[in-house]
Amino acid sequence: MSQSSSFTKTYAQQLDAQDELASYREEFYLLPSLYLDGNSLGLMSKRAEKSVMDMMQSWKELGVEGWTTGHHPWFFFSEKLGEMSAALVGASPEEVIVTGSTTINLHQLAATFYHPVGKRTKVVATELDFPTDIYALQSQMKLHGLDPEEHLVRVASRDGRLIEEEDIIHAMTDEVALVVLPTVLYRSGQLLDIERLTAAAHERGILIGFDGCHSVGAIPHSFSKWGVDFAYWCNYKYVNAGPGSVGSLYVNRKHFGRTPGLAGWFSSKKDKQFDMDHTLDACESAGAYQIGTPHMLSLAPLLGSLEMFLEVSVEKLRTKSLGLTRFMMDLIEVELADMGFTIANPQQDDRRGGHVSLEHAEAIRICKALKEAGIIPDFRAPNIIRLAPVAFYTTYTEVWESVQIVKTIMLEKSYEKFENKREVVA
């Protein structure tokens, strides 16, 4: 096949015909718009809907007995979902629990693993981290009576897009107690070398944890094999568990038995919880890092979604995701040449996450024009258009169509009619 023919709609349709995951598209409720915002909220699946309805039915039929009876007793439901999630991050079932939210879980883990002693008082993060991680770490430092300006080290980016692992490792001095990093940078889509960074931290006697919000469900991980101390992530992006769905966390089994920094009733061993003792007997698993009663109706969609992940495997999803994003990047370089776009994410397969990050001076207005033209993108300040084809339901043909629509918008300059001001929610 000639190079030019590989950029045609016919070629995209051929790729779709060869897609072994194509049938899963029928599992989702597709929108009239071409949906490329999976990186912020995945589409609703029919199985997730059924899981919610089943949960409602169990409440209707069982009342309080639903905590211990029925097909999925609520008292053990977070552990059940943790077991189902373990394969997404390369962990044993007892190392993962579904609980809290991204920020609450980071607070929990930082409260547990950040112990400033002597000159080891600093935490290493990066200047490109998602703000919630920085806010949480700053709060934890203040609780220790420390000034974040002095004790929070934010590794600088050399180009405003990427973070070099060498720079992170250089920041791992003997003054550092903890390192907290994203697996994937939310703006540029850069995938950090988790195994290398974990080894470097441990060689220096430093604990290390990761924010997996922009990778879990799209990229395979081996947290246990790599020795990662802890991790946390949301489930509403690539895992398609619904808006504001319950988050997850991972704790390496070598830390089992440690008292959680933020203890609560659900931190207890299951067989001891109803003893009502005022001395916590913490669960010797990731379950110890739960705080309060699980939010059952928000947990429910995850059951149906995880069933599909277990059927397909995150490795197969990653293969298709890399194919979709590679095709999109190739099309952008050909179809949008000389239009002011820059692909900000790394090009190498092993260095990028599941979305394409496009920089353009008119990013805000282009995003508005895309929505009007039937594409839902994702804007990130100051000038980034994120496009996230999702392996479960995005087709190669849709990727081809999306790039053609961007090209039309640029040629016709239809974006110029929009105000250059982002919406309250980007």
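Helix α4 is mostly covered, with 9 of its 12 residues buried; buried means under 20% relative accessible area, exposed over 50%, and partly exposed in between, using a 1.4 Å probe and protein chains only. This is a predicted model, where local features need pLDDT of at least 70 and side-chain atom pairs count only at pLDDT 80 or more, while totals for chains, interfaces and linings use all residues. Residues are numbered from 1 along each chain as its sequence is written, and side-chain values use heavy atoms, with hydrogens and water left out.

Back to α4. Helices are DSSP runs of H or I with at least four residues, strands are runs of E with at least two, and both are numbered from the N terminus. The buried residues of α4 include Thr 102, Asn 105, Leu 106 and Phe 113. They pack against α5, β5 (176-182), β6 (207-211), β7 and β8, with contact meaning heavy atoms within 4.5 Å.

Next, the annotation. Under "binding site", an unreviewed UniProt entry lists Thr 102, Thr 103, Phe 130, Pro 131, Thr 132, Asp 133, Asp 211, His 214, Tyr 236, Trp 265 and Thr 293. UniProt positions are in the numbering used here, feature names are shortened, and annotations may be inferred rather than shown by experiment. Do these positions gather at one spot or lie apart? They span 192 residues in sequence and the farthest two C-alpha atoms are 30.2 Å apart, so they do not all gather at one spot.

Two of the listed residues, briefly. Phe 130 is in the loop between β3 (122-126) and α5 (131-143), and at 34% relative accessibility it counts as partly exposed. Tyr 236 is in the loop between β7 (230-233) and β8 (248-251); at 25% relative accessibility, Tyr 236 is also partly exposed. Beyond four places in sequence, the contacts of Tyr 236 include Ser 40, Leu 41 and Gly 42.

Last, the cores. A nonpolar core is a set of buried Ala, Val, Leu, Ile, Met, Phe, Trp, Tyr and Cys residues joined through side-chain atoms within 4.5 Å. The largest has 60 residues, and Leu 81, Met 172, Leu 197 and Phe 392 touch the most other members. Its largest share, 9 residues, comes from helix α10 (residues 296-312). Which residues does Phe 392 contact, leaving aside neighbours within four places in sequence? Among them are Leu 21, Tyr 24, Asn 240, Met 308 and Leu 317. A second, separate core of 36 residues includes Phe 7, Met 339, Ile 375 and Phe 379.
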